[in-house]
Amino acid sequence: CPTMRNVSSGDLIIAALLACYLVNCFSPLRLEYDSVHYFALKDCLEHVCPPRFQAANDPHPYGYPLLLLLLSRTGLLHPFAIVLVNLLYLAGAVYFTGKLFSHMSGGGRQPLRGMERIKVGMNSRKLELGLVLLLLSYPIVKFSSYPMSEMQYLFFSCGSLYFFRLYTDRG
């Protein structure tokens, strides 16, 4: 369990940025063209789609509409819950990204084999700076509060890379 002595300034900045993102939970829902399609797909899953309804032939994946359907069925389909779920996905993606790159610095159980010879030099300060820049990037700031699948995609992509790295480290 980390104590306050072991917490770096970068960790505090990352925690402060994630806390600032929580403010978006209390703001009105922001909609875009794709957001409306996700809600239409959710309605098609929850109810029967009328014939020739555009969302029935939509090429969007069903992962995010299924999440919206789950929130709807549990009575939690509100802007607060949607943004909170997106922020949980974002926090998970930041966690996986940090763990993935800490393996490169030797901070994980095993450093990357190929990188040992190259001496990447990824120290914890550079890693923290990279995570802070990730959290300050325009797409993350923008899409964390939209009912869209970007944060879900980021979470599953970073998680897949991290677990692939664990798999390859084990031989």
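Is Phe96 buried or partly exposed, and at what relative accessibility? Select Phe96: at 11% relative accessibility, Phe96 counts as buried (buried is under 20% relative accessible area, exposed is over 50%, partly exposed is in between, with a 1.4 Å probe and protein chains only).

Before moving on, some ground rules. This is a predicted model, where local features need pLDDT of at least 70 and side-chain atom pairs count only at pLDDT 80 or more, while totals for chains, interfaces and linings use all residues. Residues are numbered from 1 along each chain as its sequence is written, and side-chain values use heavy atoms, with hydrogens and water left out.

**Stop 1: the aromatic rings**

Rings of Phe, Tyr and Trp (its six-membered ring) pair if their centres lie within 6.5 Å; planes under 30 degrees apart count as stacked, over 60 as edge-to-face and the rest as tilted. Phe96 sits in helix α4 (residues 79-104) and Phe155 in helix α8 (residues 150-169), so the pair ties together parts 59 residues apart in sequence. Helices are DSSP runs of H or I, at least four residues, numbered from the N terminus. Phe155 counts as partly exposed, at 21% relative accessibility.

Next, select Phe143 and Tyr146. This aromatic pair is edge-to-face: 5.8 Å centre to centre, 70° between the planes. Phe143 and Tyr146 are both buried.

Now widen the selection to Tyr89, Tyr95, Phe96, Phe155, Phe156, Tyr162 and Phe163. Ring pairs link these residues into a cluster. The structure holds eleven aromatic pairs.

**Stop 2: helices α1 and α6**

Select residues 9-22 for α1 and residues 124-136 for α6. Their axes are 9 Å apart, at an angle of about 15°. Axes are lines fitted to C-alpha atoms over the stretch in contact, and angles run from 0 to 180 degrees between N-to-C directions. The two helices are therefore roughly parallel (angles under 35 degrees; over 145 is roughly antiparallel, 65 to 115 roughly perpendicular, the rest oblique).

Show the side chains at the contact (heavy atoms within 4.5 Å). From α1, the contact residues include Ile13, Ile14, Leu17 and Tyr21; from α6, they include Arg125, Glu128, Leu131 and Leu135.

**Stop 3: Ser35**

Finish on Ser35 in helix α2 (residues 33-46). Ser35 is buried, with a relative accessible area of 0%. Show Arg30, Pro147 and Met148: Ser35 touches these, not counting residues up to four places away in sequence.
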